[in-house]
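I opened this model to see how its parts pack together. My notes follow in the order in which I looked things up.

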Amino acid sequence: MKGAWAIAKKELRSYFLAPLAYVVITAFLLLNGFFFYAILAVLSQPGASSTSPMSLLFGGTVFFWIFLIVTVPVITMRLGAEELKSGTVETLLTAPVTDLEVVLGKFLGALFLYVAAWLPTGLYVWAVSLYSEVDPGPVLGGYLGTVLVGLLFLSVGIFTTFVSKNQVVAAILAFALLLLLLLLSLISYIITDPFWKEVFSYMDLYAAMQGFSRGMVDSRPVLYCLSGAAFFLALAYQALQARRWR
Amino acid sequence: MAGSVEDPMIEVRDLTRRFGQTEAVSHLHFRIEKGDIVGFLGPNGAGKTTTLRMITGFLPPTEGDVVVGGLSSQEDGKAVRRQIGYLPENNPLYEDLRVREYLAFRAELKGVPRRLRARRIGEVLEACDALEVRDRIIGACSRGFRQRVGIADALLADPPVLILDEPTVGLDPAQIAQTRTLIKGLSADHTVLLSTHILPEVEAICSRALILHRGRLLFDGSVEGLRKGLSGGHLTCTVRAPRAEAEACLAEIPGVIRVRTVAESGGETRLELETDPASDVREAIVRACSLRGLTLLELAARQISLEEAFLSITTDEAAGEVEP
């Protein structure tokens, strides 16, 4: 797995060399910051509910998901598509690394940037702690859920970027698949058959994040996110292997 | 299975690759001994790059196998790739990295120990005469420097085998000469397989040539042998006679396959003859001319260049395929 580590470090370096990392992080923080300000403003109005602001930040509203399904494809779209387009995939795959190391390295590189984008939001927690008591449970749960959902979403992006040589196509495909994953969350509310209702409730990311941001860590969404990530990384690996036969 | 001294460095066994219906490479067999510099020749689309990609493990073969240093590329892909330094066609590089950053990444990827990396990068850049672009962004390097960075990368982990796909393409004459000298210098402790469609390149650096055409091996032997095998059968002669008469006279000599007039001036005709390499027709030419009362002014064996040899081999093959 040394190869994967080398690739992850190189990807992180490339993110910060190209302005992409700065653009993504700046846009993400500006929007998330404004969003957080709005949450605080609403909650401080007289008669507002006593919801914790952190639980609204993490998955409590639709904005959290909009940010994710836009940010993730932008982070991942370049990783495979550019290698395929510029031909550098040839130098990469003829180095003594396995295809699996390549996929995992790219995934890890994307995860670094994703975490880097979220890290500054720790300041929000600090800001809130200046004026009121902060319950550590929802904060830690919220970050854990954000990372878990991130693993799942980033693996989808890694898959699509190894499918197409074109970055835009890879990003749109990732966006569509992520939207589909979110729509799966709704199915359990529509369906009446108790068995299928149960099955689809496992895929309810929305409910999962609400749980995490209340400080409740349920093993079912943890398993769903991790196995989902493994599934899409396996697909990415297959897509890369299939490239060799064309 | 460990490679002994007698084992070839690279052995290609019955290598075939199909893309859909097209057979890009068809049942190739060849061996490359340790320390050889082999030129891999062929027109564009002959299957050179596909073959090199199969040797380096980038493409899996449809049939057959490649054995490098005693290890099968199918079964021990990673170990085989560790033994090969590869410069792909068009030399793809990460445009946004600096040269030293790129080489540091490649060194880590190739498993060069951390404490040796900086020294090794300095060594290969020096060997390729590219130390001055060390801190430059690759996207801002000239083609010549990019090529040198690509070769430096191939040398980075000091692999026993170097595979260079068109290493001098797009370089200016001075850079070409420099690159050739560099490659020749590497032959002391490396086995080199380089593809090209420039014949003088093979004449200048290689000891052996493989000619590939439409995915099949047409020639496998020494560069000397390639030229010798084809220099028989080509003559030049000048006759004091009008063109028609000279051609008629020479064409009917048994053993003469083709007669072509090169120049005609002042009653002299200069002709090139293609003759059956198995028979010596020089005496017959002298006799035929005197019999017709024509004066033979010049008769010489023509040394053909590898260019012509190559064209003759590949076009003969193409012509042969059309006829049933």
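I began with what covers the buried residues of α9(B): the cover includes β11 (234-240), β12 (256-265), β13 and α10 (282-291) of chain B. I count residues as touching when their C-beta atoms, placed from the backbone, lie within 7 Å. Helices (H or I, at least four residues) and strands (E, at least two) are DSSP runs, numbered from the N terminus. The buried residues of helix α9 (residues 243-251) of chain B include B:Ala246, B:Cys249 and B:Leu250. Buried means that 20 or more other C-beta atoms lie within 10 Å of the residue's own; exposed means 12 or fewer, and partly exposed is in between, with C-beta atoms placed from the backbone. Why do I put these residues on the same side of α9(B)? They cover an arc of only 90° around the axis, so they share that side. The arc is taken from the directions that run from the helix axis to the C-beta atoms.

I noted two things about the source. This is a predicted model, in which local features need pLDDT of at least 70, side-chain atom pairs count only at pLDDT 80 or more, and totals for chains, interfaces and linings use all residues. Residues are numbered from 1 along each chain as its sequence is written, while chains are lettered from A and ligands numbered from 1 in the order in which they are written.

Next I looked up B:Glu274, which is found in strand β13 (residues 268-275) of chain B. Is B:Glu274 buried or partly exposed? It counts as partly exposed, because it has 15 C-beta neighbours inside 10 Å. Leaving aside neighbours within four places in sequence, B:Glu274 is in contact with B:Gly233, B:His234, B:Ile257 and B:Arg258. B:Val256 is 18 residues from B:Glu274 in sequence, yet the two are 6.2 Å apart, C-alpha to C-alpha.

Then I turned to strand β8 (residues 191-196) of chain B, where six of six residues are buried. In a regular strand the side chains alternate between the two faces of the sheet. In β8(B), B:Thr191, B:Leu193 and B:Ser195 point one way, and B:Val192, B:Leu194 and B:Thr196 the other way. Which strands pair with β8(B)? Strand β3 (residues 37-41) of chain B runs parallel to β8(B), joined by five bridges. Strand β7 (residues 161-165) of chain B also pairs with β8(B) in the parallel sense, over five bridges. Strands pair if DSSP finds at least two bridges between them. B:Phe40 has B:Ser195 as its bridge partner, and B:Val161 has B:Thr191.

I also found an open antiparallel sheet in chain B, with four strands in the order β2-β1-β4-β5. Its edge strands are β2 (22-32) and β5 (71-72), each pairing on one side only. Strands β1 (residues 10-19) and β4 (residues 63-68) of chain B share five bridges. B:Glu11 stands opposite B:Val67 there.

Last, I checked where the chains meet. I found 20 residues of chain A in contact with 22 residues of chain B. On the chain A side, α1 (2-17) and α5 (88-93) each supply at least two residues. The largest share, seven residues, comes from α1(A).

Buried residues make up 40% of its 324 residues.

Terms used: Contact = placed C-beta atoms within 7 Å.
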